[in-house]
Amino acid sequence: MVCCVTHGCSNSSNKNHEVHFYSIPAVRKWEGKETEELTRRRRELWLVRINRRDFQPTPHSLGTVSDGTLFLGKPSYLHDSTHPDWAPSLKLAGETGQTEKAERSSGKAMARYNRVQSRVQKLVEKAQGQASPDKNSVTTEVDEVMDETEEGEACASQTCSVLRADHQRLLTENVLLKHQIASDKISMDTLRDNRKVRFYTGLPSFATLMVLFNFVEGSLTDSVKTSFNKFQKLVLVLMKLRHNFPEQDLAYRFGISQSTVSKTFISITHVLYVKLKKLIFWPRRDELWKSMPITFRQHFGSKVTVIIDCFGIFIEKPSSLTARSHTWSSYKHHNTIKYLIGITPQGSISFLSKAWVGGGGGGRGRTTDKHITENSGLLELLTPGDLILADRAFNVQESVGLKCANIMTPSYTRGKLQRSPLEVEATRKIAHVRIHVERVIGLVRNKYAILSERIPISYLVTSGSEMAFIDKITTVCCCLTNMCPSVVAFD
């Protein structure tokens, strides 16, 4: 049989089957010092409230109280130390009487607790609306809330003062932790700083990022089961392209699974490719003339249409010996693929080929620069009178001549003791402006690190007429580079 130890209470488990009984809390020493101290204070407060002269419970909490001594019928949560039900507070006159006075004091405590919770909730909502809360200001506001709700009543015992200080500390930590979680989460609000945008996405400003997001938003979908929204999906892909973070790292940053990161990267990259590929376009001749930089006008007039070069990207070693042989570059000493890129005199990317195997520098490799130029579709874009600037490895004068266009490359020194003065001057002029295409290639590869590291073989696999995933990635990186300021000065 279980009996209530409260003075004057006759409830027992035999007489009242509907009454619930609760044991006096034990001191929990195995859950850390903070929990041990909190349970010790709670146990002492229970014994003070019971107020029995000769009552000495064992350390294992023998002795119970009925639910009639609690407002809500059961003790409150351990860490909610300001709740009136943290210890019994009703019908506890003890052996000294004064039941009515105890009842009135307990009623005020419940009302005071409700006011504290209401005002603290308003404080939390107000602080969450701030960009970066200050710990001192939050603490001051919590103090003000506590002082106002206390209505000037001082605690009558040391136990009450300790509980009040502990409650204040927990409230402050709660508000600061919520703000810390909000600030660490990557969202539209936390990326308003242009420096963060440049670091995480490579784009020049938050305004540019929002222009990109508004342009592709209609083609993106929200996640149904998670809070992973459209904006975060776009930023995840940009971060992957920019820094090539491991998928597990991105999963931790965005609070999603690794498989979700992989699926999101593939799907959103396809969307970006479809929406942005038109940013790489061949400009009309009149547009080139209007924006031709001064350096080009001085050396070549208004004839230069495109500056071309090839760049290679490392790939993982294929398991097939045939594929391994086809992609090997003796110049790079690595398995590579190669792209032909063309830029306008203004520095924007106007042409990008598909990936070719066996990439190397200076025309070296399984696939030569001449072969790529003649089979990539670049020559079909030329019009009579166009001028191409290229490296000496692009020996395509005959193919370009069939389009009634010209190509200028540095002169060869093979079989000559030295160049003539005219050849030296022409080579110097070509090298002076052709350096811009190398700067653009360096910008693309440095800005988007995914192109500077080894590409998985799975990104090179195609099915039917489907484009290889690496081609989509490279195209998106070049399109995003075109959204950034040019490396070529106009004057």
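View 1. Across the whole structure, which is a predicted model, a search finds zero disulfides (pairs of cysteine sulfur atoms within 2.5 Å). Cys-479 is in no disulfide, and its nearest cysteine sulfur, that of Cys-478, lies 7.1 Å away. Cys-479 counts as buried because its relative accessibility is 0%, whereas Cys-404 counts as exposed because its value is 52%. Buried means under 20% relative accessible area, exposed over 50%, and partly exposed in between (1.4 Å probe, protein chains only).

**View 2. Surroundings of Trp-282.** Trp-282 sits in the loop between helix 9 (258–276) and helix 10 (285–290). Helices are DSSP runs (H or I, at least four residues), numbered from the N terminus. Leaving aside residues up to four places away in sequence, Trp-282 touches Thr-305, Val-306, Ser-350, Phe-351, Leu-378, Leu-381 and Leu-382, a contact being heavy atoms within 4.5 Å. The C-alpha atoms of Trp-282 and Phe-351 are 6.9 Å apart, although 69 residues separate the two along the chain. The side chain of Trp-282 also reaches the backbone oxygen of Leu-381, at 3.4 Å.

**View 3. Helix 7 and its ends.** Helix 7 covers residues 230–243, and 13 of its 14 residues are buried. At its start, a side-chain oxygen of Asn-229 comes to within 3.3 Å of the backbone nitrogen of Phe-231. After helix 7 comes Asn-244, with a positive phi near 55°.

**Notes.** Residues are numbered from 1 along each chain as its sequence is written, and side-chain values use heavy atoms, without hydrogens and water. Local features need pLDDT of at least 70 and side-chain atom pairs count only at pLDDT 80 or more, while totals for chains, interfaces and linings use all residues.

Conventions. Helices (H or I, at least four residues) and strands (E, at least two) are DSSP runs, numbered from the N terminus. A polar contact is a pair of N or O atoms within 3.5 Å; within protein, one must be able to donate a hydrogen and the other to accept it, and residues adjacent in sequence count only if both atoms are side-chain atoms. The expected span of a helix is 1.5 Å times one less than its number of residues.
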